[in-house]
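Look over the sequence and the structure, then read the points below.

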Amino acid sequence: MQQSATQRLADRAVFPLLVAAITGVALFGPEIDLAGRLAIEARVAQGLLLFATVVFFYSLVATLEWLHPYRREWRLPAGDVRTDVLHLLLSGPGSSAFFDATLRGVATAAADWCASRWGGSLWPTQWPAVLQLFLAILIAELGHYAFHRLSHENPWVWRLHATHHSPSRLYWLNATRFHPLDLLALITCQSVPLILLGITPEAYFRYALFTVAYGQVQHGNIAVDTRWFDWLFSTPTLHRWHHSDNPREGNTNYGAILITWDLLFGSFFRPRREFHGHVGIGRMPEFPTSYLGQLASPFRWKRWLQR
């Protein structure tokens with residue numbers, strides 16, 4: 001069925017408008033003096049802004065999925081909503097809190113030692129905020145790429161990452177479906193290089209705002225025509241191939257935000273046709289669907305493999 005001119009325009013406009021909105025929130029959101037206006041601590045104000053960003057973009061992507069879906073059947077629950085909600089409420093915050101309470105302090109101490117040896121921080125604090133944001137994403141994406149690719153190519157690490165590939169559909173909420181240990185490793189690989197380079201708290205917070213919103217866009221069940229954006233961003237178009245149950249298609253496009261490192265290291269995959277296949281773990285159809293079952297899955301791997 002041929003699309004109308006309005007539909008084609010909508011398909012092409014949705015993705016860049018979403019990226020522009022996320023960039024605007026990341027750049028200008030921290031400029032709002034919530035701490036002063038609400039008479040609260042700066043850390044609490046940052047938490048409120050992060051929460052508001054999550055609520056806004058999650059709701060926006062969910063609405064766009066309903067109005068302009070890529071696959072209509074992916075709008076229907078598949079017994080996965082409860083599990084995905086628990087991952088959103090428990091796995092993500094839990095992994096982040098553990099990193100902040102433990103590894104962040106170690107990385108910060110190492111950064112201070114490095115700064116004393118190097119004669120100062122290496123982070124370009126004089127750059128405009130937008131360039132610092134892009135640099136933070138580029139550097140963090142390299143750490144993400146390295147561990148993400150390892151998790152697909154190493155069977156022991158795959159035990160942790162399989163949880164993220166277990167859904168039978170892609171939609172806004174399962175972007176946060178990660179085993180806590182897998183997510184902790186990803187956060188570490190993304191954040192530690194930035195901390196060692198001496199990234200400022202402001203620049204790091206902008207990066208965090210961009211990251212929490214973009215994941216929902218990447219997994220969104222939204223009809224988009226991303227075209228040349230596929231050569232810069234890890235778009236929904238590219239990421240659907242990454243979730244294919246065919247390993248030759250799924251072991252590609254590892255970027256979380258950018259596709260830069262996939263292009264450089266040969267894992268970029270962009271066929272001319274659209275993705276119409278199945279997502280999930282094709283060889284493990286009885287992989288646990290419950291939250292507790294997925295938490296236990298890396299430690300009961302032989303049981304699921306035998307099934």
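Axes are lines fitted to C-alpha atoms, for helices over the stretch in contact, and angles run from 0 to 180 degrees between N-to-C directions. Helices (H or I, at least four residues) are DSSP runs, numbered from the N terminus. This is a predicted model: local features need pLDDT of at least 70, side-chain atom pairs count only at pLDDT 80 or more, and totals for chains, interfaces and linings use all residues. Residues are numbered from 1 along each chain as its sequence is written, and side-chain values use heavy atoms, with hydrogens and water left out.

**H4 and H8**

- The axes of helix H4 (residues 81-101) and helix H8 (residues 180-196) come within 9 Å and cross at roughly 45 degrees.
- H4 and H8 are therefore oblique to each other. Angles under 35 degrees count as roughly parallel, over 145 as roughly antiparallel, 65 to 115 as roughly perpendicular and the rest as oblique.
- The H4 side of the contact (heavy atoms within 4.5 Å) includes Ser-91, Gly-92 and Phe-99. Among the residues on the H8 side are Pro-180, Leu-184 and Ile-195.
- This contact of H4 with H8 has eight nonpolar, six polar and no charged residues. Ala, Val, Leu, Ile, Met, Phe, Trp, Tyr, Cys and Pro count as nonpolar, Asp, Glu, Lys and Arg as charged, and the others, Gly among them, as polar.

- Helix H9 (residues 201-219) has 19 residues. From first C-alpha to last, H9 reaches 28 Å, close to the 27 Å expected at 1.5 Å a residue. The expected span is 1.5 Å times one less than the number of residues.
- Of the 19 residues of H9, 15 are buried, so H9 is largely enclosed by the rest of the structure. Buried means under 20% relative accessible area, exposed over 50%, partly exposed in between (1.4 Å probe, protein chains only).
- The axes of helix H1 (residues 5-28) and H9 come within 8 Å and cross at roughly 155 degrees. That makes H1 roughly antiparallel to H9.
- Residues including Phe-15, Leu-18 and Ile-22 in H1 meet residues of H9, among them Arg-206, Leu-209 and Tyr-214.
- The contact of H1 with H9 divides into 12 nonpolar residues, one polar and one charged.

**Leu-50**

- Leu-50 lies in helix H3 (residues 42-67). At 28% relative accessibility, Leu-50 counts as partly exposed.
- Leu-50 and Phe-205 are 155 residues apart in sequence, and 8.9 Å apart in space, C-alpha to C-alpha.
- Leaving aside neighbours within four places in sequence, Leu-50 is in contact with Ala-208, Leu-209 and Val-212.

How values were computed. Helices (H or I, at least four residues) and strands (E, at least two) are DSSP runs, numbered from the N terminus.
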